[in-house]
Amino acid sequence: MRQIPMVPVPVDAGGINPARMAQALAKEGVAGVYTVPSYQNPTGVSQLARRREKVLALANQYGATVFEDDIYADLRLGGRSIRPIKSLPGGERVVYAGSFSKSLAPGLRVGFMVASGKLARDLLHFKESHDICTGRLTQAVVAAFIERGGYRRHLMRVRREYKRRRDAMLEALHTHLDVPHRVTHPKGGMHLWVMFESPLDMAGLEEMAEKRGVSFAPGTLFFTDGRRASSLRLNFSANPVETIHEGIVRLAQCIKKEIMR
Ligand SMILES: Cc1ncc(COP(=O)(O)O)c(C=O)c1O
């Protein structure tokens, strides 16, 4: 497949930086905007309502298609839900994507897209040439689960538990990570993002942490140009509260050692 050239746009606590997005769109040949507006992977940050409006207005102004990857939307752990970009006035050309991978089970491989017109037809053709046919059985299972109220009950349960796990991780970081850092406070999803003030050898830290049974995703993985070497993504959904606490204690010890090396 042809490699698509990427133009990275910075994200802050309110989502995509609109001024930088405008600069990127003004560059010749930018055809689309990919965004994860709810509890973004890797930062956990949510795009504010007015930023969503701005993203759409800019994309429409420059004739770019927004691809809204809202895979974490159902994992809201507090606060009010924010309207998807696709649902805003002028959002007709937005391609909206969701999935049950994060909220239910990744192995199901069931997700969905909302698109219209020629773009929807092109996407269908692309999908067909990619895997011929999507599994109907798993789709039927998910549909029945939703219709019978199982998905709603499941979400209530996981949201309650993920909230406990997120709070436990934030609390453990606050108590045990005594080197200068900043951490995001996600209102949903399953990740949080830690940024350090001092440069950190991520490969060295990863090796040390792995030996102590702790894994994380190094920040460099999430930049098209490998920047922000001194950041990491932590997952708070996968482990019970006690394991999270112990994991952060061990990780904090490794980080301190790595910084003092
Ligand atoms: C933002 C985002 N989109 C898509 C995916 C992949 O989803 P799926 O398992 O439904 O292919 C991930 C998985 O990590 C993700 O974080």
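How much of the accessible surface of the protein belongs to carbon and sulfur atoms? The answer is 55%, out of a surface of about 15300 Å². Keep in mind that what you're looking at is a predicted model.

Now for the overall build. The C-alpha atoms of the protein fill a box of roughly 55 × 50 × 35 Å along the principal axes. The radius of gyration is 20 Å, which agrees with a compact globule, because a globule of 261 residues would come out near 18 Å. Inside, you'll find 7 helices and 10 strands. As for burial, 40% of the 261 residues count as buried, meaning under 20% relative accessible area. And the chain reaches across itself: take the contacts between residues at least 6 apart in sequence, and 70% of them join residues at least 24 apart.

On to the ligand. The residues around the ligand are Tyr-34, Val-36, Asn-41, Asp-69, Ile-71, Tyr-72, Ser-99, Ser-101, Lys-102 and Arg-109. Sort that shell by class and you get 4 nonpolar, 3 polar and 3 charged residues.

Ser-101 has a polar side-chain atom 2.7 Å from a ligand oxygen, and an N or O atom in the side chain of Arg-109 sits 2.8 Å from an oxygen atom of the ligand. Taken alone, the ligand would expose 400 Å², and the protein buries 66% of that.

How values were computed
Residues numbered from 1 in each chain as written. Predicted model: local features only at pLDDT ≥ 70, side-chain atom pairs only at ≥ 80, totals over all residues. Heavy atoms only, no water. Near = heavy atom within 4 Å. Polar contact = N/O pair within 3.5 Å; in protein donor to acceptor, adjacent residues only side chain to side chain. Areas by Shrake-Rupley, 256 points an atom, 1.4 Å probe, with all protein chains shown as cover. Nonpolar A, V, L, I, M, F, W, Y, C, P; charged D, E, K, R; others polar. Helix = DSSP H or I, 4+ residues; strand = E, 2+ residues; numbered from the N terminus. Rg over C-alpha atoms; globule rule 2.2 N^0.38 Å. Buried < 20%, exposed > 50% of the residue type's maximum accessible area, 1.4 Å probe, protein only. Contact = heavy atoms within 4.5 Å.
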